[in-house]
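Subject: Structure for you to look at

Hello,

Here is the structure I said I would pass on.

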Amino acid sequence: MSPVLMAYGALALAIVCEVAGTTFLQKSEQFTRPGPILLMVLFYAGSFYFLAQALKAVPLGIAYAVWAGVGIVLTAVIGAVIFRQMLDAAAILGIGLIVAGVVVIQIFSKSVTH
């Protein structure tokens, strides 16, 4: 398997772990519930581990932009679906602009490893 494909797989795992960690951050109820706190720490550690693996073939700025952008979108979806935290039009527009930025980077940037 190509190193770039492996790196993007690691980046996907980093994103999933980060979103799970953030979900358990909310579930920890401001650090008052030990179970969710432990899961949050484990998922965040996993996220940084997989992000570090992705950096073997993906430039730092690109990896971080994708990690943060996709993480923001998924976290907003989790917030709406699980926690019933609905977003207003301005928030949706802002998140859409973040997604557009990630798409522009992926399609047009010569810094991206394909």
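A crossing of two helices is called right-handed if the near helix is turned clockwise from the far one by less than a right angle, and left-handed if it is turned anticlockwise. Please keep in mind that this is a predicted model.

By that definition, α1 and α3 cross in a right-handed way. Helix α1 covers residues 3–27 and helix α3 residues 60–81; their axes lie 9 Å apart, at an angle of about 40°.

The crossing of α1 with α2 is left-handed. Helix α2 spans residues 34–54, and the axes of α1 and α2 come within 7 Å, crossing at roughly 160°. The two helices are therefore roughly antiparallel. Their contact holds 17 nonpolar, five polar and two charged residues.

There is also the core. The largest nonpolar core has 16 residues, and those touching the most other members are L11, I15, L51, V58, A63, V66 and W67. Each of α1, α2 and α3 supplies at least two residues of this core, with α1 giving the most, seven. Leaving out residues up to four places away in sequence, V66 touches L11, I15, G71, V102 and Q106.

Regards

Terms used. Residues are numbered from 1 along each chain as its sequence is written. This is a predicted model: local features need pLDDT of at least 70, side-chain atom pairs count only at pLDDT 80 or more; totals for chains, interfaces and linings use all residues. Side-chain values use heavy atoms; hydrogens and water are left out. Axes are lines fitted to C-alpha atoms, for helices over the stretch in contact, and angles run from 0 to 180 degrees between N-to-C directions. Helices (H or I, at least four residues) and strands (E, at least two) are DSSP runs, numbered from the N terminus. Angles under 35 degrees count as roughly parallel, over 145 as roughly antiparallel, 65 to 115 as roughly perpendicular and the rest as oblique. Ala, Val, Leu, Ile, Met, Phe, Trp, Tyr, Cys and Pro count as nonpolar, Asp, Glu, Lys and Arg as charged, and the others, Gly among them, as polar. A nonpolar core is a set of buried Ala, Val, Leu, Ile, Met, Phe, Trp, Tyr and Cys residues joined through side-chain atoms within 4.5 Å. Buried means under 20% relative accessible area, exposed over 50%, partly exposed in between (1.4 Å probe, protein chains only). Contact means heavy atoms within 4.5 Å.
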